[in-house]
Amino acid sequence: MLKGRNLIDPSDFTREEFREIFDLAHQIVANPEKFNKSCEGKILATLFYEPSTRTRFSFESAMLRLGGQIIGFSEPNSSSVAKGESIADTIRTIECYADVAVMRHPKEGAPRVASRYVKMPLINAGDGGHQHPTQTLTDILTIERLKGSVENRIYGFCGDLKFGRTVHSLIKFLSNYEGVRFILISPEELRLPEYIREEILKKHHIPFQEVEKMEPYMGELDFLYMTRVQRERFFNEEDYIRLKDRFILDREKMQHAGKETYILHPLPRVNEISPEVDDDPRAQYFSQAKNGMYVRMALILKLLGIY
Ligand code: CP
């Protein structure tokens with residue numbers, strides 16, 4: 001039963017509960033009009049303490065396409081946060097006006113803390129360098145639409161695996177499935193955090209390799225998940241400049257990829273995928289962004305207990 005629940009971390013839901021969300025998302029993709037009045041009379045609040053394009057707009061579009069309404073802020077200084085209001089007081093107040101809320105915050109754990117103060121469902125839209133569970137919903141719906149299932153696949157992750165919260169959430173989710181293997185491509189300084197290696201990969205006996213080149217591995221991958229180097233999480237600009245262009249996927253490198261190696265990216269991108277790759281049918285990052293809207297429609301419907 002997902003009604004009234006929070007989604008803060010991929011471990012908040014069971015495999016069966018995620019299955020319910022994906023099954024509904026596939027139904028929405030097939031027949032979106034059927035759902036266009038499902039949330040009439042309901043309000044979604046978006047509280048974005050950090051910039052966003054896809055997550056905020058796709059949540060808002062999802063609610064509007066379900067026939068609901070939206071309120072919120074994309075710039076916290078336009079709210080009473082600028083006067084020093086605490087997260088606890090802000091979220092309690094928002095609960096007076098909305099039925100479900102979405103929060104992005106630069107501090108890891110902030111959405112979890114906020115969720116303790118309210119009864120309405122609260123969704124983590126990204127907390128610092130920690131987790132981004134609805135990007136994982138987006139990624140999994142995309143993987144299922146391209147290949148049918150997530151099991152028995154080789155996933156390459158490339159770029160900033162240290163600060164990339166989308167990578168952390170997706171690896172956490174995929175580690176519950178059979179036959180998955182990871183190729184982790186990054187400079188040494190941007191490797192996956194130790195706690196994910198120890199508490200997720202090693203605990204679940206997931207085979208993985210940590211490497212510093214992409215070309216030798218691209219041919220065997222089912223998916224190559226590219227990521228941006230997260231400038232906003234670096235302590236100094238020099239390190240960012242040294243590392244930011246280490247991996248650039250261009251048309252020449254795509255020749256090393258398999259015929260059905262799909263390229264995903266949570267976006268936004270900076271330089272890590274050359275625009276010349278966009279027309280390649282294996283480049284699926286804009287379809288991925290669209291899937292984010294469908295799967296967020298399914299999530300809203302489930303958390304509100306409408307489906
Ligand atoms: N993928 C993602 O979270 O994008 P935004 O930062 O634009 O929301």
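**Helix packing and domain contact in a predicted model**

Helix α1 (residues 15–30) packs against helix α11 (residues 285–303) at an angle of about 125°, and their axes lie 8 Å apart. Axes are lines fitted to C-alpha atoms, for helices over the stretch in contact, and angles run from 0 to 180 degrees between N-to-C directions. Helices are DSSP runs (H or I, at least four residues), numbered from the N terminus. This is a predicted model, in which local features need pLDDT of at least 70, side-chain atom pairs count only at pLDDT 80 or more, and totals for chains, interfaces and linings use all residues. Residues are numbered from 1 along each chain as its sequence is written, and side-chain values use heavy atoms, without hydrogens and water.

**The helix pair**

- Helices α1 and α11 are therefore oblique to each other (angles under 35 degrees count as roughly parallel, over 145 as roughly antiparallel, 65 to 115 as roughly perpendicular and the rest as oblique).
- In α1, Glu-20, Ile-21, Phe-22, Leu-24, Ala-25, Ile-28 and Val-29 meet Tyr-294, Val-295, Met-297, Ala-298, Leu-299, Leu-301 and Lys-302 of α11 (contact means heavy atoms within 4.5 Å).

**The two domains**

- The protein is divided into domain 1 (10–131 + 292–303) and domain 2 (133–289), with bounds from an automatic or database domain assignment.
- The centres of domain 1 and domain 2, taken over C-alpha atoms, are separated by 25 Å.
- To the contact, domain 1 gives 30 residues and domain 2 gives 26 residues.

Key. Helix = DSSP H or I, 4+ residues; strand = E, 2+ residues; numbered from the N terminus.
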